[in-house]
Protein chains: 2
Amino acid sequence: MVSCPESSSPLQNLRSCLEKRPVGLVGLGLIGGSIGLDLKALGVPTVALAHRARTVDRARQRGLVDVVSTDPAVLREAGLVVLCLPLDRLLAPTPQLLSALPRQALVSDVGSVKGPVLAAWQAARPGRFIGGHPMAGTTAAGVDAGQPGLFQGRPWALTATEATSSADLHLLEALIGALGARVIHCTAQDHDHAVALVSHLPVLVSAALLRTVASEQNQPIRHLAESLASSGFADTTRVGGGNPQLGVLMASHNRYALQQVLHHYRDSLDTLEDLVREERWDPLCAALQQTRALRQKIVSP
Amino acid sequence: MVSCPESSSPLQNLRSCLEKRPVGLVGLGLIGGSIGLDLKALGVPTVALAHRARTVDRARQRGLVDVVSTDPAVLREAGLVVLCLPLDRLLAPTPQLLSALPRQALVSDVGSVKGPVLAAWQAARPGRFIGGHPMAGTTAAGVDAGQPGLFQGRPWALTATEATSSADLHLLEALIGALGARVIHCTAQDHDHAVALVSHLPVLVSAALLRTVASEQNQPIRHLAESLASSGFADTTRVGGGNPQLGVLMASHNRYALQQVLHHYRDSLDTLEDLVREERWDPLCAALQQTRALRQKIVSP
């Protein structure tokens, strides 16, 4: 267990907690690469395990981390390892990965669903795994996607449990603070319900909008609709036109919460549709005033 | 009737068609102000009728048009008048406005629904009204909202009828071409169905998503969801958090088409929800691949 005195900045805290050990990253895609770039800029030593030789070459060219290799031994000195893997690989870790994680290291992840991740990893790293989820992203993926400052000002959920030591939590909070993100503590179950609402439901709602245009039977009208689509349509359909594999991973590993919020979404849409059918324009206006106020509160606080 | 020889550029065509008469604008909000700024930059003479003295003052300060007044007589020399009014005022023109439109002028509009506009204006200007709808916008409104280049590369729907003369159509096409927009010809009915799909349906779909978060009964989860909402949620909810009055005007004046596409939307969402409930991940992935391909085709051609 690393001892970790309180000091004045997240970066100083991180240095104290790590005691000169490097931060290890597993995977150098958008999230892993972005963490690497920021830590290198801060002068925090970094090592990374990559899956493919091509990723290693490109990561060296881009200078994503100090040391990168396909050899799991690269992680052996790490004081903290962040698993930056796609959800399917995170949920079915290879024996090679499990044995490459050094005994002294706290392990965390960046997966977008937390219940199944905790179920898989709490057994593998009893008391030394903390689930994490940075709420930052672009549509880019792969070793060229990482960018500096990706986490600046963004929320980063942590799902510590009763088994988590305060020293481990302090270390991970220091890392997140050094990256400029805001820690939000929650249970894995609450996290999964919340992201079903604001992240997974929007994907299906948005995809259904695209399907509605695609299934328009009148072909001239469909072509006209495609020609007239403007920035509002582009924004509303962005996440529904995103990475299909990612959408399926989210839906399959958060199915229960997603079905719950889909049910509530249907009720919400019914209410608005009823107001239109019944030509109740004043209540519709009031409803749209409420949604505008809610969005202003959430999106531009 | 203005005669209108074909020449080499939209701007030259516009000048020939106008025969030194100015373009008249009624209303100097986002659309009217943006048309004015571009025409002034092109050296095309412009006059504008504004509703309020304060708008006249501000329009003069901003140099939106050559001449602006609250006196309807300002329009008397215009060869083409574009009504840039909110839908409700467009659909119930005052006697003062109707009598201010000079006999020689072609009249067009920029309203977001075309059936009711044609019904109101074809009687008022027999054979000399062409419905129009530029697909360009920002969230800004009012006399400070107009900006140069707003229509560059954007579609601009025109709903000419059998009563439209080719000279009138040529004049309006020249204006739109000079503003850098692309003319798309369609019937009012097809236009209203198409914008129900890509403009009015997204407002309700997006508003329902905000309502779903707002109606989450578990308050800690609702607060967590609001904290974790990221750029995907912001994009998907932008139009649902837009101007409530505009949303109601669109819904009320395009109710029939909106209800039709809402019905189809429900089917599309049902299909996706069934795939999730039945854990049919390969078909869900195929569906999301289709929506991604469709969006790429529509949004980034």
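The model is a predicted one, in which local features need pLDDT of at least 70 and side-chain atom pairs count only at pLDDT 80 or more, whereas totals for chains, interfaces and linings use all residues. Residues are numbered from 1 along each chain as its sequence is written, and chains are lettered from A and ligands numbered from 1 in the order in which they are written.

The buried residues of α3(A) are T55(A), V56(A) and A59(A). Seen down the axis of α3(A), these residues fall within an arc of 100 degrees and so line one face of the helix, the arc being that of the directions from the helix axis to the C-beta atoms. The cover over the buried residues of α3(A) includes strands β2 (46-49) and β3 (67-69) of chain A; helices (H or I, at least four residues) and strands (E, at least two) are DSSP runs, numbered from the N terminus. Within α3, which spans residues 53-62 of chain A, T55(A) counts as buried because it has 22 C-beta neighbours inside 10 Å. When residues up to four places away in sequence are not counted, T55(A) touches L28(A), A50(A) and V143(A), contact meaning that the C-beta atoms of two residues, placed from the backbone, lie within 7 Å. Just after α3(A), G63(A) takes a positive phi of about 65 degrees.

In chain B, helix α1 (residues 10-18) has the buried residues N13(B), L14(B), C17(B) and L18(B). Viewed down the axis of α1(B), they fall within an arc of 120 degrees, so they line one face of the helix.

Chain A can be laid on chain B with an RMSD of 0.1 Å by a turn of 180 degrees and a shift of 0.0 Å along the axis, the superposition being by least squares on the C-alpha atoms of residues with pLDDT of at least 70 in both copies. The two copies are thus related as by a two-fold rotation axis. The same surface serves both copies, in that 100% of the contact residues of chain A recur in chain B. Of the residues of chain A, T236(A) comes closest to the rotation axis, with its C-alpha at 2.1 Å.

Between the chains, 82 residues of chain A are in contact with 82 residues of chain B. On the side of chain A that touches chain B, α8(A) gives the most, with 20 residues. By class, this side has 46 nonpolar, 24 polar and 12 charged residues, with Ala, Val, Leu, Ile, Met, Phe, Trp, Tyr, Cys and Pro counted as nonpolar, Asp, Glu, Lys and Arg as charged, and the others, Gly among them, as polar.

The axes of α12(A) and α12(B) (residues 255-277 of chain B) come within 12 Å and cross at roughly 170 degrees. That makes α12(A) roughly antiparallel to α12(B), a term for angles over 145 degrees. Axes here are lines fitted to C-alpha atoms, for helices over the stretch in contact, with angles running from 0 to 180 degrees between N-to-C directions. By class, the contact of α12(A) with α12(B) has 6 nonpolar, 2 polar and 6 charged residues.

Notes
A residue is buried if 20 or more other C-beta atoms lie within 10 Å of its own, exposed if 12 or fewer, and partly exposed in between; C-beta atoms are placed from the backbone. Angles under 35 degrees count as roughly parallel, over 145 as roughly antiparallel, 65 to 115 as roughly perpendicular and the rest as oblique.
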